[in-house]
Structure formats: C-alpha cells, structure tokens
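Walk through this model with the sequence and the coordinates side by side. We begin with the strands, then turn to the domains and the contact between the copies.

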Number of protein chains: 2
Amino acid sequence: MTKEIVLTGDRPTGKLHIGHFVGSLKNRVNMQNSGNYDPYIMIADTQAFTDNARDPEKIQNSLLEVALDYLAVGIDPLKSTIFVQSQIQGLFELTSYFMNLVTVARLQRNPTVKAEIQQKGFGESLPAGFFTYPVSQAADITIFKATKVPVGDDQEPMLEQTRELVRSFNNAYGKAILVEPEGVFPPKGQGRIPGLDGNAKMSKSLNNAIYLSDDADTVAKKVKSMYTDPQHIKVEDPGHIEGNTVFTYLDIFAPDKQKVQELKEQYMAGGLGDMKIKNYLLEILEAELSPIRQRRNEFAKDKGAVLNILKTGSQKANSVAEQTMKEVRTAIGVDYFDKD
Amino acid sequence: MTKEIVLTGDRPTGKLHIGHFVGSLKNRVNMQNSGNYDPYIMIADTQAFTDNARDPEKIQNSLLEVALDYLAVGIDPLKSTIFVQSQIQGLFELTSYFMNLVTVARLQRNPTVKAEIQQKGFGESLPAGFFTYPVSQAADITIFKATKVPVGDDQEPMLEQTRELVRSFNNAYGKAILVEPEGVFPPKGQGRIPGLDGNAKMSKSLNNAIYLSDDADTVAKKVKSMYTDPQHIKVEDPGHIEGNTVFTYLDIFAPDKQKVQELKEQYMAGGLGDMKIKNYLLEILEAELSPIRQRRNEFAKDKGAVLNILKTGSQKANSVAEQTMKEVRTAIGVDYFDKD
C-alpha cells in the first residue's frame with residue numbers, strides 16, 4: 001500500500017502551546033503511529049521571515065524550541081521527517097516558477113491572506129513576501145507531492161490556491177508532474193482551544209497560553225488564573241458552564257466524560273467551587289503535560305543532538321525535493337546541462 | 001588594483017540584433033578588454049519566464065542563440081563570466097529574503113515596471129512574478145556584489161530599488177554584506193538605434209531589426225527596405241536627413257565622419273539617390289557584421305562546446321554567488337547547521 005504523503009508544520013515564532021497540541025500535534029503523532037502516512041513536518045522559518053524579516057533572532061531562537069516541542073509530544077524522527085524550510089533549496093526555485101503562473105489580482109482575492117493582512121494591520125507596509133506567501137506555501141506542499149495537508153477550516157483557500165497552481169503548472173509544461181493536495185480538516189467544533197482568559201484564540205501575543213515547555217508551577221499558576229464564571233462568587237452560588245474556560249478544557253482533556261458531566265451539574269446547581277474544578281483540571285493537564293515536559297527536558301540537555309535531528313531530516317527532505325525539482329526543471333526545460 | 005565587478009545580461013526571448021550590439025554588446029567587449037573590470041554576463045532565463053511562463057520553448061531555443069551572439073561579437077569566456085540565471089540557486093533564495101524587505105506599495109510605485117505593465121497590456125492578468133521582478137533583479141546584481149551595472153536611462157529606478165534593498169538588508173541584519181551598485185549610462189543620445197522602419201525602437205515584435213545572425217543577403221534586403229525620406233522620390237530631388245534612418249545608421253556605424261557629412265550635404269542639395277546611400281551603409285554594416293557572422297557560424301558548428309561554455313561560466317558564477325550566500329545566511333541566522 002502506498003502511504004499518503006502528509007505535509008504539516010509550524011512557523012518558528014515562539015514555543016508551542018497546548019492549543020497547538022490539541023489542534024494539530026496530537027493528530028500528527030496519531031497519523032505518524034498509524035503507519036498509513038509518510039509525514040513531513042516543516043519548521044517554516046522562510047515563511048516566518050515574511051512578516052518577521054527584521055526580527056531574525058526570534059526565528060533563530062524559536063527553531064530549537066519548536067523542535068523540542070515536536071520531540072516532546074512524541075513526533076519520532078524515524079517515522080516523521082522533521083525539516084527546516086530554508087534548507088530546502090528547491091523551494092525557493094519552485095516558488096519562483098509558480099510566481100509566474102499566478103496573477104497579482106488572484107493573490108489579492110485570497111480571503112485567508114486578506115484577513116491576515118487586516119488582522120496584522122500592515123496597511124501600506126505590507127511586505128511583498130507576505131502578500132505572496134500562498135505561492136511559497138504551494139511550493140512547500142507540492143515539492144513533496146503531498147496528498148494530504150492537515151489544516152484549519154480557514155486554510156481551505158490556501159489549498160485551493162495550491163491546486164490551481166498545480167493545474168497551471170502541469171498544463172503549461174505538458175506533464176502531470178505535480179499533485180493536487182487535499183485538506184484534512186478537524187472534526188466540526190474540535191481542534192481549537194480558547195485562551196486562559198476565555199478569548200477564542202490561544203496565542204503568545206494575548207499572553208493567554210499554556211506552553212508545552214511550562215514547568216509544573218507555571219501551569220498551576222495559569223490554571224488558577226483561568227476565566228470561569230464572573231458571577232460565580234461564592235461556592236454555594238449556581239455557576240455557568242457556557243463560556244467557562246475550565247469546563248471547555250475539561251471537555252477537551254478529561255478522559256472521564258461521566259465525571260465531567262457530574263461536575264457540570266453540581267456546578268450549575270451551586271456548591272462546587274472554582275478552585276475544586278481548577279484543581280481537577282490541573283491534575284488532568286499534568287497527567288498529559290508532565291511526560292511531555294519530562295521528554296522535553298531530556299532532549300533539551302543535548303541541543304546538538306536536536307540540531308542533528310533537524311539536519312538529518314532536512315537532508316532527507318532535500319533529497320526528496322530534489323527529485324521533484326529534477327522533473328520540474330526538465331518539464332520547464334531549464335535542465336540545459338543535464339541533457340544527454 | 002581591484003577590478004570593478006560588472007553585471008549585465010539579456011533575456012533569452014530571441015536572437016540579438018544590431019540594436020543590442022550598439023546599445024550594449026560593443027561596450028561589454030570594450031569593458032572586458034580594458035582589463036579594468038570583472039564582467040558577469042547573465043542570460044536571464046528566470047526573468048524571461050516572468051512574462052513567458054507559458055512559452056518555455058522560446059526561452060530554451062533562445063538561450064543558445066544569445067550565447068552564440070555573445071561569442072560572435074567577441075565576448076571572451078576567459079575574460080567574462082557568461083552564465084545562465086536559472087542555474088544560480090542562490091538567486092532564488094536571496095530573492096526570497098529581499099521580498100520581505102520591500103512593500104507591495106513600493107513595488108507598485110516603480111515607474112519602469114509601471115510603464116512595462118502598461119506597454120505589455122497585462123491588465124488583470126499581470127503575473128505576480130513580473131510584478132516583483134525588480135526584487136529578483138536586485139538579487140542578480142547583489143549576489144555578485146556588482147559595483148557597476150550598465151543600463152539604459154529608463155533603468156535608473158531599478159537600480160534605486162536595488163540600492164534600497166541593499167540598505168534595508170544591511171540594516172536589518174547588522175552587517176555591511178551587500179554592496180550598492182552604480183549605473184553606467186550611455187552618453188546622451190547614444191546607445192539607441194531606431195528600427196529599419198524609423199520606429200524609435202528596434203525589436204523583434206516590430207519586425208524591424210537586423211540580427212547579428214542574419215546572412216549577407218538578408219542584411220542587404222533589409223537595408224534596401226529601410227525608411228529614408230518619403231518625399232525624396234527622384235534622385236535629383238533634395239532630401240531630408242532628420243528622421244532618415246539610413247543617415248542615423250551612418251552616423252552610428254560609419255568610421256569616416258567626413259564622408260558622411262559630405263553625403264548629407266549632397267543628399268540635401270539633391271542628386272544623391274537612396275540606393276547609393278543604402279549601398280554605402282550596407283558596405284559599412286557588412287564590414288562590421290561579416291566577421292561577427294563568420295565567428296558565429298564557427299561557434300554554431302559545435303553547440304555542445306557552447307553549452308559547455310555556459311556550463312563552466314554558470315559553475316564559476318555559482319561559486320561566487322555561494323560565497324555571498326554564505327555571508328547572507330550567517331547574517332540572517334539560517335546557517336543553523338554550519339555553526340561551530
């Protein structure tokens with residue numbers, strides 16, 4: 001059986017948090033261990049530069065942190081190819097060829113990028129590299145001939161852009177070299193975890209995240225600070241469940257759904273204090289996070305070894321990418337010196 | 001004495017004509033032979049793709065023709081590095097880093113590109129690669145640390161864009177790695193030759209060019225078809241000099257300026273036929289073109305050898321480019337695996 005080729009990754013602009021864990025890392029480990037996939041996991045430094053070009057240190061520092069997070073959650077470099085985007089020379093070249101097969105007008109219509117541009121408030125200072133990053137993303141996916149790309153719901157337009165470029169390329173150069181990828185979407189309502197403060201998004205900039213690298217004390221402090229029900233002041237008061245972040249987290253992390261249901265009922269009836277449910281959540285989170293933290297600390301002892309994992313992965317990814325690039329160059333006809 | 005590093009080149013979208021010869025090739029040979037320069041001459045296939053992505057055969061076919069034109073006019077691969085743009089991997093990468101240091105708004109303001117976009121009538125179908133080609137051009141220049149770039153007057157905005165990118169890069173990454181290039185402009189009024197039909201521009205699409213690869217018969221036919229003075233019907237009629245393409249060409253090509261002056265006076269007075277001046281021009285053009293043609297035919301006999309010249313030049317250019325890219329990667333910090 002041919003394995004499905006999967007491409008996923010993260011921008012190295014900070015450490016990964018439990019939002020990443022729930023939203024994608026856990027799923028990557030499952031895919032990896034199922035034996036049905038050939039996963040490529042990219043640390044997207046080139047992409048991170050598109051809106052962090054003047055902060056290279058953030059990217060440099062985050063590279064190793066993200067790699068440690070990967071290893072900590074159980075991504076196994078023997079089963080998944082972990083690599084660094086900037087080390088794959090062919091990506092820059094394929095991006096260049098793709099750039100000629102997409103119009104400026106088409107890029108302007110990309111709703112995902114439009115939303116991000118607005119969100120980041122670029123205005124007149126929009127970097128050309130950020131504006132065109134869907135093109136580079138199409139190269140990331142197609143250079144490995146990935147068939148499956150796990151993404152959030154808001155990423156469908158990026159995949160559509162990739163498929164268009166694949167069709168344009170194959171059509172322009174007369175060969176079905178590149179492959180159209182399919183998105184793998186999280187089940188409805190899953191895959192996203194709110195911030196500690198109840199904000200819909202957990203993120204570094206909102207300072208509302210629990211990191212995979214947080215120590216036990218920090219996690220405890222963060223859980224204690226979580227947003228619950230502001231009207232639930234005394235233990236005996238009836239409390240609300242909806243929008244209560246602690247219960248949202250319990251729904252996601254607690255293995256004993258029956259117990260969560262009982263706690264919810266007790267909380268709504270009154271007589272269950274916030275500290276009690278927070279302590280229960282902390283216990284559950286720690287059961288998940290403490291082995292991750294332990295593995296992370298182990299790997300962190302030998303950063304050279306981690307770098308070496310990235311180097312080996314990048315070499316492997318590079319050789320796969322170069323196979324595709326050979327076909328690409330032949331199709332385009334720029335293999336002037338490799339002809340017989 | 002350190003030699004000035006010069007970058008020039010042509011897009012391989014057709015054979016070169018005497019407009020290229022007068023406007024740049026002759027000057028390149030002079031620079032090369034002066035011993036004061038280290039010339040890099042680029043066959044810009046990557047750039048040609050920005051508006052010919054769906055016509056790769058034109059580019060493939062033109063590559064060798066342009067190389068033959070170079071060798072025919074006296075560009076010496078031992079003194080000038082003739083190379084093919086697409087073979088320089090670092091160019092794609094450097095372009096990617098530059099893309100994050102320039103805004104979309106800044107690219108939209110580039111007057112050269114604006115004019116070209118209008119001229120080519122792209123409208124909504126403007127390829128992203130064409131829109132951003134000044135960024136790739138900045139990479140071409142800076143990867144070789146070129147200090148001098150021979151260009152037409154209308155190319156100054158491209159050099160200004162390059163200098164801005166150099167400053168942004170050096171500023172963002174804290175090191176004076178890249179070098180600001182200076183333009184070398186043709187003397188006022190020189191460097192441009194009108195088409196056979198009197199059109200200000202000699203070009204393939206206007207079908208008004210004499211190619212370096214044209215045989216003697218073709219050149220003779222073309223000279224005989226040249227635009228002179230439409231009012232000059234009978235030999236004895238007084239004729240006009242201004243806008244008379246034959247005299248414009250004589251001004252450019254004839255070594256005997258005294259004789260041209262006499263012919264002009266005679267023509268204006270009446271009594272000098274168009275055929276006479278055309279035959280004189282043909283003689284002069286042939287004196288210039290026939291040794292070029294002969295060398296071209298010689299080189300054309302062994303296309304493998306020409307390809308080999310391009311391959312060797314590309315390898316040399318690549319190793320120079322890689323030196324710069326090493327510095328670039330260290331400055332940006334993406335040399336993760338090359339640190340001690």
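Two strands pair if DSSP finds at least two bridges between them. In chain B, four bridges join strand β2 (residues 37-43) to β3(B), and the two run parallel. One of these pairings sets Tyr40(B) against its bridge partner Thr81(B) in β3(B).

This is a predicted model: local features need pLDDT of at least 70, side-chain atom pairs count only at pLDDT 80 or more, and totals for chains, interfaces and linings use all residues. Residues are numbered from 1 along each chain as its sequence is written, while chains are lettered from A and ligands numbered from 1 in the order in which they are written. Here pLDDT is the predictor's confidence in each residue, from 0 to 100. Chain A has a mean pLDDT of 95, and 99% of its residues reach 70 or more. The model scores ipTM 0.94 and pTM 0.95.

Now take the strands of chain A. Seven bridges join strand β1 (residues 4-10) to β2(A), and these strands run parallel. Gly9(A) has Met42(A) as its bridge partner in β2(A). On to the next pair: strand β2 (residues 37-43) of chain A is joined to β3(A) by four bridges, again in parallel. There, Ile41(A) stands opposite Ile82(A).

How much of β2(A) is covered? Seven of its seven residues are buried. A residue counts as buried if 20 or more other C-beta atoms lie within 10 Å of its own, as exposed if 12 or fewer do, and as partly exposed in between, with C-beta atoms placed from the backbone. In a regular strand the side chains alternate between the two faces of the sheet. In β2(A), Tyr37(A), Pro39(A), Ile41(A) and Ile43(A) lie on one side, Asp38(A), Tyr40(A) and Met42(A) on the other, and all are buried. Strand β3 (residues 81-84) of chain A is also covered on both faces. Thr81(A) and Phe83(A) are buried on one side, Ile82(A) and Val84(A) on the other. In chain B, β3 (residues 81-84) has both faces covered, with Thr81(B) and Phe83(B) on one side and Ile82(B) and Val84(B) on the other.

Next, the domains. Their bounds come from an automatic or database domain assignment. For chain A this gives domain 1 (4-192 + 303-332) and domain 2 (216-297). Their centres, taken over C-alpha atoms, are separated by 35 Å. The contact between them takes five residues from domain 1 and four residues from domain 2. Two residues are in contact if their C-beta atoms, placed from the backbone, lie within 7 Å. On the domain 1 side, the largest share, four residues, comes from α3(A).

How are the two copies related? Chain A can be laid on chain B with an RMSD of 0.0 Å by a turn of 180° and a shift of 0.0 Å along the axis. The two copies are thus related as by a two-fold rotation axis. The superposition is by least squares on the C-alpha atoms of residues with pLDDT of at least 70 in both copies. Among the residues of chain A, Phe92(A) comes closest to the axis, at 2.6 Å (C-alpha). The same surface serves both copies, with 100% of the contact residues of chain A recurring in chain B.

The contact joins 44 residues of chain A to 44 residues of chain B. On the chain A side, α4(A) gives the largest share, seven residues. That side divides into 26 nonpolar, 13 polar and five charged residues. Nonpolar here covers Ala, Val, Leu, Ile, Met, Phe, Trp, Tyr, Cys and Pro; charged covers Asp, Glu, Lys and Arg; the others, Gly among them, are polar.

Ser96(A) sits in helix α4 of chain A. With 24 C-beta neighbours inside 10 Å, Ser96(A) counts as buried. Leaving aside neighbours within four places in sequence, Ser96(A) is in contact with Thr46(B), Phe92(B), Thr95(B) and Gly129(B). Val135(A) lies in helix α8 (residues 133-143) of chain A. Val135(A) is buried, with 25 other C-beta atoms within 10 Å. Beyond neighbours within four places in sequence, Val135(A) is in contact with Thr95(A), Phe98(A), Met99(A), Val102(A) and Ala128(B).
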